[in-house]
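Trainee: I've got a structure open and I'd like to talk it through. Can we take it one question at a time?

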Amino acid sequence: MYFRGPAVGLTFCSLYLAFYFTNKYVLSVLKFTYPTLFQGWQTLVGGVFLHICWKLGWVEINCSSRADIVAWLPASAFFVGIIYAGSRALSRLTIPVFLTLHNASEVVTYVVQRIFLREFDADGYFWAVIHLVCSGCYKAFQKSQKSSLLSDIDQQYINYFFSVLFLAFASHPTGDLISALEFPFLYVHTFHSGCCASGIFGFLLMLLSLKLRSSPSPAFHLSWGFLAKFPDVCSWGGSSCVYREDGWMRRYSRAFFVRIGFSMMPSSKPELLLII
């Protein structure tokens, strides 16, 4: 357990960084700001992969109780609010600001800085607040359902498929579906790669998060959650200017994914990472 714990935690931190990096690239650089479609795609990928893992026997899902599923639907609605508002907020705010608000720590510092300094996006902060409210309601509802027979993985399974259906129906009234057809990068491979990577990273991040949460010590999950956010905040202190320069973003994104690829190869040589 001594070796497995740090390995899972470090992988969690890497996927956390990769997930938000990829999402920010699609939302802010490619400007695919259609959350009903983007989040619908992510939850579809997560739901399909989770269903496959269930059929292969890698995870255990027990959603046989219709009463428990119906009782959980309000939480799934909060989950949709979390991912929809989070996508809206992340598309307009820098990663450090978003994660600070998301983590509900040092909120006053960042809000004051953004209000009195040169950078303040009212819409971004509005959706960040909605994201926080939905997150709080979701966690409160989750804790109130202690008598439910649904496990964490059961709840996430329901969340995925509820989100896919809800966001699919909402994509037309919100105008996202029509606007996406005019998206300039709709047939560009970098957009397709970003969407695929985002969906896969999100699914793996969810699995690892549940694995860490199942640890006997609550502090173990909380400590790795904090460490996962720390590199994002430190690495993207100047992300506001980086995300406004497509050349810089392409270079950083290419370097990042190459580093991730090399890090997953057991025989990778550190000196190769210095090429980019």
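Trainee: Of the contacts with a separation of 6 or more, what share comes from residues 24 or more positions apart?

Mentor: Keep in mind that this is a predicted model. The protein chain has 12 helices and 0 strands. Among its contacts with a separation of 6 or more, residues 24 or more positions apart account for 82%.

Trainee: Which helix has the lowest confidence?

Mentor: Across the protein chain the pLDDT averages 76, and 68% of the residues score at least 70. Over residues 236-276, though, the pLDDT is below 50. Where pLDDT is low, the predicted coordinates should not be read in detail. Confidence is highest in H2, at a mean of 93, and the lowest mean, 44, belongs to helix H12.

Trainee: Is Gln42 buried or exposed?

Mentor: Gln42 is found in helix H2. Buried means under 20% relative accessible area. Gln42 has 9% relative accessibility, so it counts as buried.

Trainee: Which side chain does the side chain of Gln42 make a polar contact with?

Mentor: Setting aside neighbours within four places in sequence, Gln42 is in contact with Phe19, Asn23, Ser198 and Gly199. The polar contact between side chains spans 2.9 Å, and the partner of Gln42 there is Asn23.

Key
Residues numbered from 1 in each chain as written. Predicted model: local features only at pLDDT ≥ 70, side-chain atom pairs only at ≥ 80, totals over all residues. Heavy atoms only, no water. pLDDT = per-residue confidence, 0-100. Helix = DSSP H or I, 4+ residues; strand = E, 2+ residues; numbered from the N terminus. Contact = heavy atoms within 4.5 Å. Buried < 20%, exposed > 50% of the residue type's maximum accessible area, 1.4 Å probe, protein only. Polar contact = N/O pair within 3.5 Å; in protein donor to acceptor, adjacent residues only side chain to side chain.
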